[in-house]
Structure formats: C-alpha cells, structure tokens
Amino acid sequence: MMKKQLTAFFMAAALSAASLTGCSGSTASNNPAGQETTAPETVKEVSLEDVLSDIKNAYGENYIPNTEMDEQMLKDVIGLSPELCESYVAEAPMISTFVETFIGVQAKDGKGDDVEAALNAYRDRLVGDTMQYPMNIAKIQASQVVRYGDYIFFVMLGAPSDASMEEGDEAALESAAENNQIAIDIIDGYFK
C-alpha cells in the first residue's frame with residue numbers, strides 16, 4: 001500500500017514539475033543535506049552548451065530531459081524573466097510523469113541575484129508541493145540551485161534507485177542526492 005502511494009505521489013509530482021523551470025543564481029547550493037558550497041566571486045567564461053553536453057554524456061540514457069524550454073516557458077513555468085539572462089540552456093522532460101530538469105543561466109551583469117532568487121523560488125515551490133506528488137519527492141528534495149558568479153544552475157537530475165525506494169524515504173533521498181551530485185560535480189569542474 002505504501003509503495004503504491006509513493007508511486008502515485010511521484011507520478012503526480014512529475015506532472016506538476018515537468019512544466020516548471022527557471023533561472024537563478026546563488027553562492028550556495030540548496031541540497032537535502034543542508035551543505036553549503038560557496039562559489040568564487042570571479043569566474044571564467046564558460047559555455048553552457050558544453051556543460052550540458054558533458055552532463056548528458058555522464059548520465060547517458062538516464063538523462064531524461066528531452067525538450068528545450070523557450071523564453072515563454074522560462075517565464076511562465078519557472079518564473080525567470082529571459083531579460084535577466086545573457087544566455088541560457090534549459091531542458092525538461094516531454095512526458096509529464098518525469099520531473100528531471102536542467103537549467104543553466106549566464107545572468108546579465110548585475111542580474112545574478114535576481115536569477116538566483118527566481119530559481120530558488122521555483123525550487124521552493126516544487127519542494128512545497130511534494131506532498132501532493134509522492135513519486136517524485138526524493139528527486140525534488142535532492143534538487144539544487146548552485147551559483148558561480150554570474151552563472152546559476154538549477155539541477156534536478158537522476159533518480160533514486162529501486163532498491164533505495166524499497167528501503168524508505170531516507171534511503172531514497174540519499175540515492176537521489178547521489179545521482180543529482182553527478183551533474184553538480186561536472187558543473188563544479190568548470191569553475192575550479
């Protein structure tokens with residue numbers, strides 16, 4: 001019974017989150033463990049397309065987002081104004097039962113705080129709605145917003161393993177966080 005409820009929760013969360021994406025930046029990561037990762041104040045120029053390509057390669061067939069988000073989706077779903085972005089890459093799944101989303105933004109000069117705030121607000125909305133969508137709760141709670149200067153990322157990738165789901169909520173969250181960290185580590189590598 002509990003497994004069916006979790007499955008129903010995750011399916012509902014996926015439907016809700018699939019339409020949401022945004023851009024925001026922060027000097028800290030939002031993650032389930034409450035860890036903070038500070039970013040350097042000055043960063044080199046980074047190709048968001050290269051970052052996305054490396055992330056796709058790392059996840060392989062487990063990279064779920066397959067639909068590019070246009071400016072209207074960024075604004076309406078994520079709450080991020082495209083006018084704040086120098087450039088961006090944003091992808092979400094076409095099928096609404098999945099919630100995996102990747103957003104990378106290079107904010108315009110002086111707009112990094114606004115982008116970060118928008119992405120954090122989007123993440124907060126998703127986390128606040130997780131009880132309505134139990135099947136995706138671990139993925140959503142493991143999501144992170146990370147910032148490196150004017151580069152801000154929203155990362156909600158990977159999924160808890162089936163074994164961890166059977167072990168319970170804590171194990172599922174830990175597994176989802178480990179899978180999400182794959183992308184975070186790739187991003188971090190571009191700014192070291």
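A salt bridge is taken here as a side-chain nitrogen of Lys or Arg within 4 Å of a carboxyl oxygen of Asp or Glu. The model is predicted, so that local features need pLDDT of at least 70 and side-chain atom pairs count only at pLDDT 80 or more, while totals for chains, interfaces and linings use all residues. Residues are numbered from 1 along each chain as its sequence is written, and side-chain values use heavy atoms, with hydrogens and water left out.

**View 1. Salt bridge between Lys56 and Glu91.** The closest N and O atoms of Lys56 and Glu91 are 3.2 Å apart. This pair links distant parts of the chain, with Lys56 in helix α2 (residues 48–59) and Glu91 in strand β2 (residues 85–92), 35 residues apart. Helices (H or I, at least four residues) and strands (E, at least two) are DSSP runs, numbered from the N terminus. Lys56 has a relative accessible area of 32% and is partly exposed, whereas Glu91, at 7%, is buried. Buried means under 20% relative accessible area, exposed over 50%, and partly exposed in between (1.4 Å probe, protein chains only).

**View 2. Salt bridge between Glu116 and Arg147.** Here the closest N and O atoms are 2.9 Å apart. Glu116 lies in helix α4 (residues 112–128) and Arg147 in strand β4 (residues 144–148), 31 residues apart, and the pair links distant parts of the chain. Glu116 counts as buried at 12% relative accessibility, and Arg147 counts as buried at 11%. Asp113 is linked with Glu116 and Arg147 in a network of salt bridges.

**View 3. Salt bridge between Lys192 and Asp188.** The closest N and O atoms of this pair are 3.0 Å apart. Lys192 is exposed, with a relative accessible area of 74%, whereas Asp188 is buried at 18%. In the whole structure, the search finds 5 salt bridges.

**View 4. Crossing of helices α2 and α7.** The axes of α2 and helix α7 (residues 169–190) come within 10 Å and cross at roughly 145°. Axes are lines fitted to C-alpha atoms, for helices over the stretch in contact, and angles run from 0 to 180 degrees between N-to-C directions. The crossing is right-handed, the near helix being turned clockwise from the far one by less than a right angle. Contact (heavy atoms within 4.5 Å) involves residues including Asp50, Val51 and Ile55 of α2 and Ile182, Ala183 and Tyr190 of α7. The contact residues divide into 9 nonpolar, 2 polar and 2 charged. Ala, Val, Leu, Ile, Met, Phe, Trp, Tyr, Cys and Pro count as nonpolar, Asp, Glu, Lys and Arg as charged, and the others, Gly among them, as polar.
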